[in-house]
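Please keep the sequence and the structure in view while reading.

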Amino acid sequence: MSTHHVVPPYLLDALAERGGERFPRAARAARSCRRSDESSRNLRAEGLRYTPVGKAEDGAGESGSPSTRGSVGVDARAGVKRLIHDAQGTETLPGILVRSEGEEPVSDEAVNEAYDGLGASYSLFAEAFGRNSLDGNGMPLIASVHYGQDYDNAFFDGRLMVFGDGDDEVFTGFTGSLSIIGHELSHGVISHTADLEYFGQPGALNEHCADVFGALTDQHDSGQDAGDASWLIGAGIFTSEVSGKALRSMLAPGTAYDDDVLGTDPQPDHMDRFVTTESDNGGVHLNSGIPNRAFALAATRLGGPAWETVGQVWFAVLTESDITTGTDFAGFAALTIAEAVAAFGEGSDVHDALVQSWDAVGVTRAAGRGNVGSSW
């Protein structure tokens with residue numbers, strides 16, 4: 001599995017290049033973060049093992065006992081196993097084990113936020129979709145907080161979730177956002193199911209599905225209906241000095257931030273504005289805005305808890321056999337519409353909402369023909 005970072009490279013590059021006068025600490029942090037992100041990718045590529053320091057991990061490598069596999073419903077968290085570490089400002093992972101499953105909260109709020117966030121993500125998949133952890137087989141959820149110095153990102157590399165503390169000029173600590181935690185852990189579910197290749201349209205769908213389940217983690221945890229949700233990914237991750245509300249808006253791509261240093265949110269909301277680029281793995285963080293809007297439009301049209309309607313369709317498509325690693329937008333849209341028919345019936349509210357929403361972002365009309373918009 002690739003290492004996935006929640007803050008896109010183009011945003012860090014803008015901060016590194018233009019932030020020196022207004023955000024000197026953040027500009028230095030962005031440059032350091034970009035170097036560190038490359039190092040973390042290399043670490044994953046080399047297949048190095050993480051060696052915890054301090055408390056014993058109490059079977060962190062186990063896959064879960066038969067008695068907890070498939071545990072869903074009101075007792076869903078009986079199957080979760082969380083292990084939270086403190087990297088203590090270093091880039092040595094995972095660090096010292098500071099809180100294990102079932103232990104009381106500690107004095108470090110980042111540790112507690114990570115613990116609760118991992119639990120919220122687990123509960124979404126267990127209670128809404130009947131899935132026992134990321135691999136469906138009780139995989140322990142391992143995390144490290146306080147990674148690096150002023151580290152402006154969070155990532156999941158297939159084995160553990162890693163959180164930076166931010167630079168306090170542009171970014172706050174990354175453990176405070178449930179949508180970010182849900183997004184990153186959902187990459188683990190994607191890698192164990194459809195395993196969409198991380199480039200171009202399949203890569204944008206990879207990011208899109210992570211955004212979907214990241215948003216649903218937040219909504220499910222608060223019992224929030226689709227119409228009341230913000231549909232923001234990373235709400236509150238910016239300090240008050242930034243003119244922006246989140247990293248991305250699913251309902252209104254391109255509106256999440258508009259700042260003198262960071263620039264304007266470049267996500268397109270329609271296939272007419274599809275971005276053709278070689279950077280950002282072929283625009284995976286950019287073009288995910290198009291299917292993001294389709295999902296959010298359908299969910300808000302239907303109302304009620306989104307994980308009970310369109311969320312069910314997306315999870316079924318992601319975990320069934322018809323999707324491939326190279327599925328593109330048009331193929332994915334067709335799979336969701338077919339699943340809506342199978343699960344809810346042709347002409348049902350869910351089916352009609354999906355047909356209308358995919359058409360609203362130009363995906364169904366784009367099927368079968370090349371669609372090239374702006375360049376990045």
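A polar contact is a pair of N or O atoms within 3.5 Å, where, within protein, one must be able to donate a hydrogen and the other to accept it. In this predicted model, the backbone oxygen of H5 lies 3.3 Å from a polar atom of the side chain of H285. H285 is one of the two positions, with E184, at which the UniProt record, an unreviewed entry, places the feature "active site".

**The annotated positions**

- UniProt gives the feature "active site" at E184 and H285; these span 102 residues in sequence, yet no two of their C-alpha atoms are more than 13.1 Å apart, so they gather at one spot.
- E184 belongs to helix α4, which covers residues 178-191, and with a relative accessibility of 0% E184 counts as buried.
- H285 sits in helix α6, which covers residues 280-287, and with a relative accessibility of 4% H285 also counts as buried, because buried means under 20% relative accessible area.

**Contacts of the two residues**

- When neighbours within four places in sequence are left aside, E184 is in contact with H4, H5 and V6, with A154, F155 and F156, and with M161.

- The buried residues of α6 are D280, G282, G283, V284, H285, L286 and N287.
- These buried residues pack against the strands β1 (4-5) and β9 (248-249), and against the helices α1 (9-18), α5 (200-222), α7 (289-302) and α9 (329-344).

**The chain as a whole**

- The protein chain contains eleven helices and eleven strands, and 56% of its 376 residues count as buried.
- Of the contacts in the protein chain between residues at least 6 apart in sequence, 66% join residues that are at least 24 apart.
- The accessible surface of the protein chain comes to about 14,100 Å², and 46% of this surface belongs to carbon and sulfur atoms.

Definitions and conventions. Residues numbered from 1 in each chain as written. Predicted model: local features only at pLDDT ≥ 70, side-chain atom pairs only at ≥ 80, totals over all residues. Heavy atoms only, no water. UniProt positions renumbered as here; feature names shortened; annotations may be inferred. Helix = DSSP H or I, 4+ residues; strand = E, 2+ residues; numbered from the N terminus. Buried < 20%, exposed > 50% of the residue type's maximum accessible area, 1.4 Å probe, protein only. Contact = heavy atoms within 4.5 Å. Areas by Shrake-Rupley, 256 points an atom, 1.4 Å probe, with all protein chains shown as cover.
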